[in-house]
Amino acid sequence: MRRFLAIVLSILIGVQGILWLPKGMEARAEEAAEDTNEDGGEERAEEDTDSAKEQESADEAENAGGTEGQEDAAKKEEGIEKDAGQAGGGAGVEVGAPSAILMEASTGKIIYEKDADTRRPPASVTKIMTLLLIFDALADNRIALEDEVQTSEHAASMGGSQVFLEPGETQTVDTMIKCIAVASANDACVAMAEYVCGSEEEFVNQMNERARGLGMENTNFVNCNGLDTEGHETTARDIALMSKELLVKYPQIHDYSTIWMENITHTTKKGSSEFGLTNTNKLIRQYQYATGLKTGSTSDAGFCVSATAEKNQMEMIAVIMAAKDSKSRFKDAMTLLNYGFGKCMKYMDEGLQAIAPAKVEKGMETEVSVKQAEGFQYIDTVGADLTKIEKKPEMKKKLEAPIKKGDKAGEMVYYLNGEEIGRVDIVAAKDVGKMKYKNALETALEKFFM
C-alpha cells in the first residue's frame, strides 16, 4: 500500500511539472516529495509508520491556513522541541542515527561525535559543497548574482527534488541559489555547475579538490546534487568541515538557508507562471535558533541533515547521517544543538589592545608597530571561569629589515588557569625598509658625535 501511495505521489508531482499547479499547491507537492524521498529514490521500507504519519499531519496542518490546524501543528513542533531539549540536557546524549557530530562553527571545536568517520552516501547534503563553489565563484568575480543562467537539456533531465526548469529556460544566479538552498533542486545544481565550470564533470573535480583542501579525508563526490551513485560518499565529520567553511567564509548563505517559502517565476515558451519554493529543512520552523543548512534523503543514504543554529554568539553545526526517518533526523539534530548550547560558553577577544613596538635591526627605523593579525575565540565545555583568561605576547628574538606590513613578528598566547589554550599571530602594522650604506654612515656619525 505504501509503495502504491509513493507511486501515486510521484505521478502527481510529474503532473505538476506539466500543468503548473496553482500557487501554494506546488509548494505542498514539493514538500511532500521531500518527506517521501528528497532525491527521488523509493520510500524506505523501514521508515517508522507512526512517525511518518505524525510528521505528514503536522505538515498538512501547517500549510492548511486554518487557525485550528496551525495550533495542532504548533503543538506537534513544540513536542518535538521539548523532547529534544530533555534529551540534550545531560551528559548522556542519546542520538538514534548511526553517524552524528556536533561542531562549534567559529572554532571548529568538536563537542560530540558518534561514528563520525564512517563513509556514507550524503544525499542532498552534497549541495553544501555545490553552494560553497558557487560562492567561491561569486567572491572571485567569475560570476555575479544578476547573471542569467541557461538550463541545458542535461540539467533539465535531473530527477528527484527539482524546480522543473525547462531546456533553454534562464534564471538568475540569485534565483538558482534559492532553488538549491531552499528547495534542494537537482536541476538547478547541474545548471549552476555547468555555468561555473563549463561542465558538471569539471565542477565535480573542483568539488573534490576543495574537499581535499579542507581536510575532508573520507569524501569522494561523483555528482553535484547527491543523487545515489556508486562511490559518492562522505562522513559526518567531513560534512561538518564543509559546513563550517560555508558558514564562516560566506555568512550570506543565511539569507538563503533561512527562507521558509518564496515564489520564483518560470518564463518559457509556454508563458510565465509562479512556482513555490518551500524549505526542505523543517527546523527553520520548528527550532527558534535555526539558521540552516541542508537536508538530504535517498533510499541509500537514509535521512540526513547538516543543521545549523545560533545562540549566545555561538553557531553550532549538528550533522546527522542515515537516520531512519525525517522526524528522527530533526529530533537528533535538535538534541545535539540543545546539548551544545547548554554545555558551551564562548570567550571572544577582538585583539585590538595596543602591543609594544618590536625592535628592528638594519632598518630605516629602529622599531615597528605591531598588532594581532585577528581576534581570538575559545569554546569552554567544562564550566571554567573565562574571566581568568590571560594573554601574553611572545615576540621573535630578531626582526631584520626589510619588513613588509603583515610579516609575522611574534604570537599572542592565551592562557586559562596557567594552561595554554591558543595562539594568534602578531604582525607588523607597516613596512620598514632596509637601511642603506649612506643612511648607516649618517646614523653612525650621529651616534659618535652625540
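**View 1. Asp115 is partly exposed, at 40% relative accessibility.** Partly exposed is the class between buried, which is under 20% relative accessible area, and exposed, which is over 50% (1.4 Å probe, protein chains only). Asp115 sits in the loop between strand S2 (110–114) and helix H5 (127–139). Helices (H or I, at least four residues) and strands (E, at least two) are DSSP runs, numbered from the N terminus. Have a look at the backbone here: phi of Asp115 is near 45°, a positive value in a residue other than glycine.

A quick note on the model before moving on: it is predicted, so local features need pLDDT of at least 70 and side-chain atom pairs count only at pLDDT 80 or more, while totals for chains, interfaces and linings use all residues. Residues are numbered from 1 along each chain as its sequence is written, and side-chain values use heavy atoms, with hydrogens and water left out.

**View 2. Asn141 has a positive phi of about 60° although it is not a glycine.** Its place is in the loop between H5 and strand S3 (148–150). Asn141 is exposed, with a relative accessible area of 68%.

**View 3. Helices H5 and H9 (residues 200–213) cross at roughly 95°.** Their axes come within 10 Å; these axes are lines fitted to C-alpha atoms, for helices over the stretch in contact, and angles run from 0 to 180 degrees between N-to-C directions. That makes H5 roughly perpendicular to H9, a term for angles of 65 to 115 degrees. H5 brings Met129, Thr130, Leu132, Leu133 and Asp136 to the contact, and H9 brings Phe203, Gln206, Met207, Arg210 and Ala211. Contact means heavy atoms within 4.5 Å. By type, the residues of this contact divide into six nonpolar, two polar and two charged. Here Ala, Val, Leu, Ile, Met, Phe, Trp, Tyr, Cys and Pro count as nonpolar, Asp, Glu, Lys and Arg as charged, and the others, Gly among them, as polar.

**View 4. Strands S7 (residues 290–298) and S8 (residues 302–311) form a hairpin.** Three residues lie between the two strands, which run antiparallel and are joined by eight bridges. Two strands pair if DSSP finds at least two bridges between them. Within this pairing, Ser297 stands opposite Phe303 in S8. Nine of the nine residues of S7 are buried, so the strand is largely enclosed by the rest of the structure. S7 also holds Leu293, and the peptide bond from Gly292 to Leu293 is cis, with omega near 20°.

**View 5. Ala333 is buried in helix H13 (residues 326–343).** Its relative accessible area is 0%. Leaving aside neighbours within four places in sequence, Ala333 is in contact with Leu283, Val305, Ala307, Ala318 and Ile320. The C-alpha atoms of Ala333 and Ile317, 16 residues apart along the chain, are separated by 8.9 Å.

**View 6. Four strands make an open sheet in the order S13-S17-S16-S15, with antiparallel pairing.** Strands S13 (370–372) and S15 (390–395) stand at the edges with a single partner strand each, so one side of each is left without a neighbour in the sheet. From one strand to the next, the twist averages 30°. S16 (residues 408–416) and S17 (residues 419–428) pair in the antiparallel sense over eight bridges, and the bridge partner of Gly410 in S17 is Ile426. Pro402 lies in the loop between S15 and S16, where the peptide bond from Ala401 to Pro402 is cis, with omega near 5°.

Conventions
Parallel < 35°, antiparallel > 145°, perpendicular 65-115°, else oblique.
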